[in-house]
Amino acid sequence: LQRGFRVGADLAVWPATGVVAAQCGAFTSLADTVYTACVNATCSDLAAQGATQGSMAPSAGVLDTAVATFTFNTTGERELCAVSHTQQLQLLRIPGDARGFGAWIPPSVCARGLRPRSAPVALSLGCFGCRIESVARILYTVAERIGFVLIAGEQYEKSWNAGECCGQSRRKGVDDVGYIRILLGHVAERLAVANTDAVFAFGWSNGGFMATTIAHTTSLLAGVAVAAGYTYQHLRPLEPGSSTLNATLMRKTPILFFHAHDDTVVRAAGCCASLRGASKCCCGIGEQTERCISVMNVWKAWSLANGCGRSPVMRVSVDLPAPVPPMRCLARERCAAETIVCTSATGGHSLASMAQTGHEFAYARTVTEFFARQACALGGGAWDARGGGGACMCDGGASRGTPQISLVSLSPGAAQAMLAEGANPYCL
């Protein structure tokens, strides 16, 4: 064992303490085992030849045998790519911070060579009382299909301090926006492949409040998708005395809202102090707010802030799997930043997704296409919607360019093959 052994093509591991048994390609032991590892072909080749641990300068880490996951204390792209096939977050620490974060680089990104700043970031922001993986798992397929690095923020006591919501983080006034800023700075330093100028946040419930709070108070996000949660703390009258609201944003930010009209946790009609009894929202949301502001009015406020003006409202087509409730999606025709609201009559706080589709988010394809369009535009590409799914065209736009990434029948395997062909799928 002291000579090291291979755990895959690019991963060599040496035990530092404890007893590890290699059996049928898996690790087993009676307790967590501290180990050291290095992740590259030269390192593992030397290990196979019997090189000593000291000659490799490996990184320290922990093997959690109870759930068969690897956690590296010092982790870069190669370490994450070595375990990318597991489709599981690696929980990492931020130096000097009590909280860490989860990270996953999909095989499609690993396959194209980890060129610096070539992959946008999907930032997962979890719900109140939820584990870090609860919302992040929705984004595995999204990240794989369109070549994003997945980063999941760690809540303070399973809550975010985000406007009207929620939990211990809000009660204690925790600076969660500051934590996200530090987190993205650390990701930029540690994972060179991640383009932290192209961060797209997905938040559910309390995570939706958090995503919109970040957009209101910083310029960190290039796009936002939220399900069953949004803050209205930063909405202001368009003019003195006007009932028309405008969102105060640090930059024009594309956004995609999802909400069910029968949601009793975060009501689509809004949460405020005037609600009583069973009509109140969960968890004290809106108890300090006099006026209930509906998701439709929040969408209108964001539309104004995103430069949509009074342009006509149009229906947006959404491809949904059965048996989820149909969504009615609206947007304005001319906006500086795409602003879409999707509502359903039924579905509740979970949008009928988690229970009915085996813990898969039924609207993941809509989020995938939305994030891909925004990443394409951010890099100066032109989105060609022909062919069913759309494609990002670089080098002169849709009429003359070469498709850099296509969403037409794009399975994870096809995504990996396509992204391996080009190092820069979004013209970034």
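**The disulfides and their surroundings**

Tutor: Happy to! Of the 428 residues in the protein, 54% are buried, where buried means under 20% relative accessible area, exposed over 50% and partly exposed in between (1.4 Å probe, protein chains only). Please keep in mind that this is a predicted model, in which local features need pLDDT of at least 70 and side-chain atom pairs count only at pLDDT 80 or more, while totals for chains, interfaces and linings use all residues. Residues are numbered from 1 along each chain as its sequence is written, and side-chain values use heavy atoms, with hydrogens and water left out.

The secondary structure comes to 11 helices and 22 strands; these are DSSP runs numbered from the N terminus, with helices (H or I) of at least four residues and strands (E) of at least two. Taking contact as heavy atoms within 4.5 Å, residues 24 or more positions apart account for 62% of the contacts with a separation of 6 or more.

Now to your disulfides. A disulfide here is a pair of cysteine sulfur atoms within 2.5 Å, and by this rule the count comes to 9. Let me take you through some of them, including the pair of cysteine 127 and cysteine 130, whose sulfur atoms are 1.9 Å apart. The torsion about their S-S bond is about -100°, so this disulfide is left-handed. Cysteine 127 is buried, because its relative accessible area is 12%, and cysteine 130 is buried too, with 17%.

Another disulfide joins cysteine 308 to cysteine 335, S to S 2.0 Å. Its S-S torsion is about 115°, so the disulfide is right-handed. Cysteine 308 lies in the loop between α9 (295–305) and β17 (313–316), and cysteine 335 in the loop between β18 (328–332) and β19 (339–344), so the pair ties together parts that are 27 residues apart in sequence. Cysteine 308 counts as buried because its relative accessibility is 4%, whereas cysteine 335, at 27%, counts as partly exposed.

Cysteine 329 is buried at 0% relative accessible area, and cysteine 342 counts as buried at 1%.

For context, here are two places elsewhere. Glycine 102 is in strand β9 (residues 100–104) and counts as buried, because its relative accessibility is 0%. Leaving aside neighbours within four places in sequence, glycine 102 is in contact with Leu89, Gln90, Leu91, Ile132, Leu150, Ile151 and Ala152.

The contact is made by Val142, Arg145 and Ile146 of α5 and Ala364, Arg365, Thr368, Phe371 and Ala372 of α10.
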